Amino acid sequence: MRTLNLGILAHVDAGKTTLTERLLYAAGVIDEVGSVDDGNTQTDSLALERQRGITIKSAVVSFVVDDVTVNLIDTPGHPDFIAEVERVLSVLDGAVLVISAVEGVQTQTRLLMRTLRRLHIPTLLFVNKIDRGGADAERVLRSASEKLAPAIIPMGSASGLGTRGARSTPYGAANAGFISRLVDLLADHDDALLAAYVDNETAVSYRRLRGELAAQTRQALVHPVFFGSAITGAGVDSLMAGISELLPGAEGDVDGPVSGSVFKVERGPAGEKIAYARMFSGTVRVRDRLRFRRDNEGKVTAISVFERGSASRRGSVAAGQIGKLWGLGDIQIGDSVGTPRTTHAERHHFAPPTLETVVVPRRPADKGALHLALAQLAEQDPLIDLRQDDIRQEISVSLYGEVQKEVIQATLANDFGVDVAFSETTTICIERPVGTGGAAETIDKEPNPFLATVGLRVEPAPFDTGVEFGLEVELGSMPFSFFKAVEDTARATLHQGIHGWQVTHCTVTVTRCGYYPSSTAGDFRNLTPLVLMRALEQAGTRVYEPMHRFRLDVPADTLGAVLPVLARLRAVPRTPATRGSWYLLEGEIPAARVHELQQALPALTRGEGVLECAFDHYQPVRGPVPTRPRSDHNPRNREEYLLHVMRRV
Ligand SMILES: Nc1nc2c(ncn2[C@@H]2O[C@H](COP(=O)(O)OP(=O)(O)OP(=O)(O)O)[C@@H](O)[C@H]2O)c(=O)[nH]1
Ligand SMILES: [Mg+2]
């Protein structure tokens, strides 16, 4: 029996949860198909998800098809919950990207496919909603090959589009058009196949072509496309067969060293912490002691494993499987258990939240309860990045958008009994070095009070690199724990740059190091922030604000009203394109103004305008540079902040 950890990803409302329900039904896990609109699906199980009809948290369910146990992870499509998608990407063996046959390829669809391709995750496309009015299979195929990936191949034809009786019929060996498309597609990566086919068409068996299709899909070179309707169930059997035939199973040695990755954390009914871990290697058993995040350790008190439906209690969870682990009190999302996997641990695939808002309890007496509640929410979503400003007595959280804000508000009220309001929402900027800066402190040389020599250089790096750490000294010249102390402290220090924003897209290089036999890692932790901030001041930093790319469809007669509002919001549209009696506007807008545009739109366009926005890039702030109040650490000045960092790390 193989195991396949499969993600279902899509733009909001494309039908992921409905499709999940259908797959569970087709596999015999459930006897009745639940509906998002009735609030009774398996994976939208949170009260808030059922009320709102949208997915907020990723959820795991499992089913068996042929000889494969599929652990399916249904993800949210709303851009405010992109962090949920980010967290599951590292645990997937394959994915199904759902596209609505009516709305076609949307902003989030492109972003997700770009990321799946970058990570080489084998991906099938499912064109859903063929039963809905306006469904157009050809248009979706065209735009999928233009905007998502050129190497796609329809696995069947769709008929009766836009009607309840819409069907999808799989192609087979008898369909000459399919065979020749298949050969064309596969020959790009397989010269032997092309040569054999050119030599004698009939010599290449259909079996061989299907085998090669599976091989190339598993390498994420090609993407088979299925058509169907999650509502009527049309095409779901073909997709199911494709999942088992074309996607790879999980690999990993069950007897190897323990290595797993935690992609979800939740609290059980008694408030106990439950970590969802995907195992890559080894086997974890109840009562095992597990190491995670540097020097943390915990004893596993119970395990349940996803098998045929939901999770059931087991004595162990092995390589390839997803297990729920109890007993690891300090575990956080993103932690590795056992030996860390050496893939982009620090790197994010999507942009971080771009908004920050102050959370205020409506009853002042709830302040302590609010802090505790937010700390628990931050366990499940570290990107909300809880910050406490002791001077202003304020708590703030980072956010992707208004829907996430409403969800936090409702969760605090429903689950924790704390009513809150939000005051000012501000944009989260970033800082990046302008040039190169360097500084050093030498052991035993005034004014350095620490038993450590540290020299650091900081310089800008391309966007999307985060913080890279490099060495210009021999790794063997100092105990590894001292290097680790320098790196960890440098990363912590960069949380607040010269203007108070996170410093990122830069490289920090260790240019000098030295120690005495009596030196400790603490000496390096204490000295590093002082040296790094001096280097940063020498380099100088520039503040950047997040920009979104927007796509706005408006009725032609409303364009005159929309354009001045865009200008006022500092949105820069390119020349509008006409589409019948509609205009399509695309361009850039500061993240800070997206919400205002969303709010203004209904009145400007009689409620007909459709706006899609997604983070695109950072742009240097023009005009006065915004500074972020130094919070979190009660710092009245930099020295105090640095002392705080020293104490903390
Ligand atoms: N007509 C039709 N409606 C569908 C189909 N699939 C889903 N829907 C409807 O589309 C809406 C959204 O479906 P969901 O399954 O919640 O979509 P989702 O992708 O899970 O949405 P998020 O998780 O919030 O991103 C619901 O009203 C569904 O009933 C389909 O194949 N045909
Ligand atoms: Mg959903």
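Which residues does His11 touch, not counting residues up to four places away in sequence? The notes below start there. The model is predicted.

1. **Contacts of His11.** Leaving out residues up to four places away in sequence, His11 touches Lys16, Gly77, Gln106, Thr107, Gln108, Thr109, Leu112 and Glu612. With Gln106 there is also a side-chain polar contact, at 3.4 Å.

2. **Setting of His11.** His11 sits in the loop between strand 1 (2-10) and helix 1. Its relative accessibility is 10%. Buried means under 20%, so His11 counts as buried.

3. **Shell around ligand 1.** There are 19 residues around ligand 1. Lys16, Thr18, Asp37, Thr55 and Asp131 come nearest. By class, the shell has 6 nonpolar, 7 polar and 6 charged residues. Helix 1 (residues 16-26) gives the most to this shell, with 3 residues.

4. **Polar distances at ligand 1.** A polar side-chain atom of Thr55 lies 2.7 Å from an oxygen atom of ligand 1. For Gly77, a polar backbone atom is 3.0 Å from a ligand oxygen. For Asp13, a backbone N or O atom lies 3.1 Å from an oxygen atom of ligand 1. Taken alone, the ligand exposes 650 Å², and the protein buries 90% of that.

5. **Aromatic pairs.** The structure holds 7 aromatic pairs. One of them joins Phe482 and Tyr515. The geometry is edge-to-face, with 5.6 Å centre to centre and 75 degrees between the planes. This pair links distant parts of the chain: Phe482 is in helix 12 (residues 480-493), Tyr515 is in strand 29 (residues 506-515), and they are 33 residues apart. Elsewhere, Phe263, Tyr276 and Phe306 form one aromatic cluster.

6. How is each ring residue classed? Phe482 counts as buried because its relative accessibility is 7%, under the 20% cut-off. Tyr515 is at 38% relative accessibility, so it counts as partly exposed. That class lies between the limits of 20% and 50%.

7. **Surroundings of Tyr515.** Not counting residues up to four places away in sequence, Tyr515 touches Ile443, Leu451, Ser477, Met478, Pro479, Phe482 and Phe524. The C-alpha atoms of Tyr515 and Ala452 are separated by 5.0 Å, although the two residues are 63 apart along the chain.

8. **Thr541.** Thr541 is found in strand 30 (residues 541-555). Buried or exposed? Thr541 has 12% relative accessibility, so it counts as buried. Its side chain makes a polar contact of 2.7 Å with the side chain of Glu431. Leaving aside neighbours within four places in sequence, Thr541 is in contact with Glu431, Arg432, Pro433, Val434, Ile498, His499 and Leu536.

Note on methods
Residues are numbered from 1 along each chain as its sequence is written. Chains are lettered from A and ligands numbered from 1 in the order in which they are written. This is a predicted model: local features need pLDDT of at least 70, side-chain atom pairs count only at pLDDT 80 or more; totals for chains, interfaces and linings use all residues. Side-chain values use heavy atoms; hydrogens and water are left out. Helices (H or I, at least four residues) and strands (E, at least two) are DSSP runs, numbered from the N terminus. Buried means under 20% relative accessible area, exposed over 50%, partly exposed in between (1.4 Å probe, protein chains only). A polar contact is a pair of N or O atoms within 3.5 Å; within protein, one must be able to donate a hydrogen and the other to accept it, and residues adjacent in sequence count only if both atoms are side-chain atoms. Contact means heavy atoms within 4.5 Å. A residue is near a molecule or strand if one of its heavy atoms lies within 4 Å of it. Accessible areas come from the Shrake-Rupley method with a 1.4 Å probe; for residues, only the protein chains shown count as cover. Ala, Val, Leu, Ile, Met, Phe, Trp, Tyr, Cys and Pro count as nonpolar, Asp, Glu, Lys and Arg as charged, and the others, Gly among them, as polar. Rings of Phe, Tyr and Trp (its six-membered ring) pair if their centres lie within 6.5 Å; planes under 30 degrees apart count as stacked, over 60 as edge-to-face and the rest as tilted.
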